[in-house]
Amino acid sequence: MSAIKDMVLRALLWICVAVGCIPVPALAHGERSTEPYIRTRSLHWYDVTWSADKVKVNESVIVEGKFRVFSDWPDAVSKPDLVFLASGAPSAMLVRNESYINELPARQSIKNLELGRDYSFKLVMRGRVPGKWHLHPMLNISGAGPVIGPGSWVEVAGNAADFRESVTTLHGTKIDDLQNYGVARAQAWQAGYALIAVAWLLWWLRRPLIIPRWRALERGREDLLVTTKDDKVAVGLLVLVLAVVIVGFTQTQKDYPQLVPLQAGVGYTPPLPEQPTAVAIKFKRAEYDVPGRTMRVTAEFTNKSDKPQRIGEFTTAGLRFVNKNLPAAVAAVDPKFPKELVPANGLRVDKDAPLQPGEKRVVTIDASDAAWEVERLVSFLTNVDARTGGLVFFYDDSGKRSIGEVFGPILPVFKGVRL
Ligand SMILES: [Cu+2]
């Protein structure tokens, strides 16, 4: 018994040490906690831009880009039949004033996204609370939860007290600041109901409670528990509550005769037009080299276009592995794109010569970086369904891009970096 007690105490001690004594500043907000099979096989965000990295309170920053709904969607994740576009940022430090999917306002949920297709998105965020905030696009998927896109730091400068969210209603009423509009009225209602609830509780609490009542029950004197006076008070209270509700409802209807109810409908937008993939990809194998921190994917590539094609980028889980030997691919990375999401080692392509029209070639691509560990992406090695996936960007000799998908099972290996 004392051994178990010892063990429990020791475990508690270690938990205290772990939680209390190693404070780590929270610089982000959990974007790395999503399982790798979701991050590598559900949504692939690309061409994401932030219009500014510094705004003043009340100024806007626009986050826009595209996402591919991956063909090899994991079985364990609900299909994207109902989604809602949101922003991933700490609370409402920036407010979301507008949101769009394929230029359709996305203030409501959107239904029936199609696998293997692309969608564009746009978020208009306005600075509210000064500070440095990590701002991501995020898609909430019904039944699966949020899938977060790449994040960039946006600094909001100025004074929080200057923030205003003013609107003019359909009737022309000017509301100076939506932040506190109607708050006092809502609080008065809550306080009123709380008062009634507390009065009702006190009515019963003022009398002897558990033991005397139990003894009365024991003696078969249930009639002593609820008196006629109690009944009267209960009826009075019921009438009071009904009167408050009816009078409140009538008065509110009179004050605001025309109301638009909260909208519960969902929208639909067809995906963006399908772009022909210049290169067909036939997956061969994938391995994760544990000591070399490298994901290595081998596939057969067939050039279906009439122009030579090269592999420029492999992107998965928000990381962009870029082939540094291909200027078009390097130029496609916006210099303002978060550096930590573009691993310095880039993408190694073992047979990098242009793939000629009609040519078929087996190529191995190596994506090496500590980011696999930092981004907590290696836990796919312990998943029951160890699969991975990503987008491959091809560029022709004129710099035109096309996108292909690669996915398949992945195995861990321990042989070190191949040179
Ligand atoms: Cu973040």
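Which domains does the domain assignment of the protein chain give? Domain 1 covers 24-170, domain 2 covers 183-255 and domain 3 covers 279-413. These bounds come from an automatic or database domain assignment.

This is a predicted model, in which local features need pLDDT of at least 70, side-chain atom pairs count only at pLDDT 80 or more, and totals for chains, interfaces and linings use all residues. Residues are numbered from 1 along each chain as its sequence is written.

**Stop 1: domains 1 and 2.** Select both. Their centres, taken over C-alpha atoms, are separated by 45 Å.

**Stop 2: serine 91.** Go to the loop between β4 (82-88) and β5 (94-101), where serine 91 is found. Helices (H or I, at least four residues) and strands (E, at least two) are DSSP runs, numbered from the N terminus. Serine 91 has a positive phi, near 50°. Most residues other than glycine have a negative phi. Serine 91 is exposed, with 9 other C-beta atoms within 10 Å.

**Stop 3: helix α5.** Select residues 228-255. The end C-alpha atoms of α5 are 40 Å apart, which agrees with the 40 Å that 28 residues should span at 1.5 Å a residue. The expected span is 1.5 Å times one less than the number of residues. How many of the 28 residues of α5 are buried? The count is zero, and the helix is hardly covered.

**Stop 4: the sheet.** Now show the open sheet of eight strands, in the order β17-β16-β20-β21-β14-β15-β19-β18, with mixed pairing. β17 (319-322) and β18 (347-349) stand at the edges with a single partner strand each, so one side of each has no neighbour in the sheet. From one strand to the next, the twist averages 25°. Axes are lines fitted to C-alpha atoms, for helices over the stretch in contact, and angles run from 0 to 180 degrees between N-to-C directions. Two strands pair if DSSP finds at least two bridges between them.

**Stop 5: β14.** Select residues 279-289, then β15 at 294-303. Ten bridges join these antiparallel strands. Alanine 280 has threonine 302 as its bridge partner, and valine 279 has asparagine 303. Four residues lie between the strands of this hairpin, and arginine 293 in the turn has a positive phi of about 45°. Next comes β21 (residues 401-413), which runs parallel to β14 and is joined to it by four bridges. Here glutamate 287 stands opposite leucine 411.

**Stop 6: alanine 317.** Finish in the loop between β16 (309-316) and β17. Alanine 317 has a positive phi of about 50°. Is alanine 317 buried or exposed? It counts as buried, with 26 C-beta neighbours inside 10 Å.

Definitions and conventions. Buried ≥ 20, exposed ≤ 12 C-beta atoms within 10 Å, placed from the backbone.
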